[in-house]
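This briefing goes with the structure shown below. It starts with one residue and then moves through the rest by topic.

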Amino acid sequence: MLFYTLPYLAFFLPLCLILFYFAKSFKLDNKLILIILSLFFYSWWNIYYLPVILFSIAINYYLSNKILSKTNNQKKILLFGIILNILILVTFKYIDFIIENLNLIFLLNIQLLNLPFPLAISFFTFQSIAFLVNVYDEEILSVKAKDFFLFIIFFPQLIAGPIVKYNHMMPQFSNKKNWFFNERNFRIGLIVLFIGFIKKVYFADSLSQFVDTGYENISELDFFSSWLISLSFTFQFYFDFSGYVDMATGSALMMNIILPQNFNSPYKSTSIIDFWQRWHMTLTQFLTNHIYNPILRSLKKINFINSMFITLFVFLIAGLWHGPSWNFVIFGAFHGLGLVTNHFYKNYIKFQIPKFISWFITFNFINISFIFFRSEEISNSFIIIKKMFNIKHLINFDSNLFNNEYFLSFIGDLNLIICFLLSVIISLCFQNSYKLLLKKK
Amino acid sequence: MNEDKIKDIIKIISKNTGIDKDLIDKKTLMTDFPQWDSIAQVKIMVELEAKMKKKISTSKMSELKSVLNIIKFLDK
């Protein structure tokens, strides 16, 4: 079930809220109600995905209790848990990608498995790994089955994050004050949900039709139209992802649960370091806490060069996490190299670039990187980038501009122009929706 | 926490970031100085762990983003 669909907005969410607020009146358990509703939410898409998430929850709960029982093998159990979670993820998400590449490199003919791809597997895998590490680090001292079940399956954050922490979520679920209707949280939650809905249904969906047509007809693009589709995708992607997260945040807040911030006006960033502190923030935190920091601290000598190699490695993983495709790996490598360059400049070149120029460079870097994210073929990404920097097209400005069918379709669609311009203004000039939550009154 | 230990913390931060220790006090935040970056943070935490003999988990490392937070954590 998707947040912006009628079944969710008209039936599922109101039913959840009614059951949640009135559970205590009927002596029902709020956590149990949320678990049942979340299972229904998850199964709505495809009930055959359910066994995978249930297995993952059961095994991670068992392992966490094993770690908590203070045996001598805590480290081995943690390692086993991490490997098992990664194996589940690789089996369902990456196995065909691995087979395809093995076939290509070694000229083999291994059949693809075509396994179903369970929804949200990337999110619940990362969340489970973080949970096991926190148990091992004694940041979580006891775990109840019902609590862990709810932590993983809580429907607002299940499908597209944010990636939440057990110690952030469980006190909120257990706080009895949160089981009753709160007018302020309901009002702000509703507003954030509505903002997310508009971001997704108006902005992202309007731009996506234009972007899809462009990416299907790459050969027809010229200098201006290739810039136009790359920029349109950059805004579409932000409004789509952050809109969905807003709807998750709003839905959870209506049940008095505050999800962590995942976007902080990322297109206002003035460096790549700044961008990753504003874009998919909970993923950045996961990567820092569970890959970057552990590897760096394990080294005998912590220095700039080592940390930059680790940064590159982390971003290759981050790229691949987005999907089984070399395009995502390139996207990760692109950002890894961007971060390395950024750190190098910050540490060794003391020349202060004016803020506007920093923003301009950063924004264009992000825009170009997203071409790899959107293209289905690597070669298509390079064709678009080549067209974006083709001076010949720029020189032939007049003829190309008015002859290009794709460009004409853009300027002939007033709704699209308004949508595009509003996207630019909102992303670059407005406060983000999470600020509403942070306001005291 | 006694003043000597706070001085030790400030000394470790100063050593690993290159920030003059006179510019660091209890109110100093990681974001106040660009030199106090993610690499410096890991170095600080590793050295604090050894000096104060207290385990700092990798998740905690990212949360201890101010002198006051570090003091509070080490005081627990």
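Where in chain A is the place of A:E220? A:E220 sits in the loop between α9 (183-216) and α10 (223-254) of chain A. The model is a predicted one, and the complex carries an ipTM of 0.84 and a pTM of 0.90 from the predictor.

**Surroundings of A:E220**

- A:E220 has 14 other C-beta atoms within 10 Å, so this residue counts as partly exposed; the buried class would need 20 or more, and the exposed class 12 or fewer.
- Leaving aside residues up to four places away in sequence, A:E220 touches A:E405 and A:Y406.
- A:E220 and A:E405 are 185 residues apart along the chain, and their C-alpha atoms are separated by 8.0 Å.

**Confidence**

- Chain A has a mean pLDDT of 90, with 97% of its residues at 70 or more.
- Within chain A, helix α18 (residues 397-403) has the lowest confidence, at a mean of 63.
- The highest confidence in chain A belongs to helix α15 (residues 355-374), at 95.
- For chain B the average pLDDT is 88, and 100% of the residues score at least 70.

**Contact between chains A and B**

- On the chain A side, 16 residues are in contact with 11 residues of chain B.
- Three helices of chain A, α5 (121-136), α12 (281-298) and α13 (304-321), each supply at least two residues of the side that touches chain B.
- The most comes from α12(A), which gives eight residues to that side of chain A.
- Sorted by class, the side of chain A that touches chain B holds five nonpolar, seven polar and four charged residues.

**Domains of chain A**

- The domain assignment divides chain A into domain 1 (26-180) and domain 2 (187-438).
- Between the C-alpha centres of domain 1 and domain 2 of chain A the distance is 27 Å.
- In chain A, 19 residues of domain 1 are in contact with 17 residues of domain 2.
- On the domain 1 side of this contact in chain A, α4, α5, α7 (155-158) and α8 (166-174) each supply at least two residues.
- α5(A) gives the most to that side of domain 1, with five residues; α5(A) also supplies at least two residues of the side of chain A that touches chain B.
- The side of domain 1 of chain A that touches domain 2 has 11 nonpolar, six polar and two charged residues.

**Packing of α3 and α4 in chain A**

- Helix α3 (residues 50-68) and helix α4 (residues 74-106) of chain A pack with their axes 9 Å apart, at an angle of about 170°.
- At that angle α3(A) is roughly antiparallel to α4(A), because angles over 145 degrees count as such.
- From α3(A), the residues in this contact are A:V52, A:S56, A:I59, A:N60, A:L63, A:K66 and A:I67.
- They meet A:Q74, A:I77, A:L78, A:G81, A:L84, A:I88 and A:F92 of α4(A).
- The contact of α3(A) with α4(A) is made up of nine nonpolar residues, four polar and one charged.

**Helix α6 of chain A**

- A:F148, A:F149, A:L150, A:F151, A:I152 and A:I153 are buried in helix α6 (residues 145-153) of chain A.
- The packing partners of the buried residues of α6(A) are α2 (30-45), α3, α5, α7 and α8 of chain A.

Notes: Residues numbered from 1 in each chain as written. Chains lettered and ligands numbered in written order. Predicted model: local features only at pLDDT ≥ 70, side-chain atom pairs only at ≥ 80, totals over all residues. Contact = placed C-beta atoms within 7 Å. Helix = DSSP H or I, 4+ residues; strand = E, 2+ residues; numbered from the N terminus. Nonpolar A, V, L, I, M, F, W, Y, C, P; charged D, E, K, R; others polar. pLDDT = per-residue confidence, 0-100. Axes fitted to C-alpha atoms, helices over the stretch in contact; angles between N-to-C directions. Parallel < 35°, antiparallel > 145°, perpendicular 65-115°, else oblique. Domains from an automatic or database assignment.
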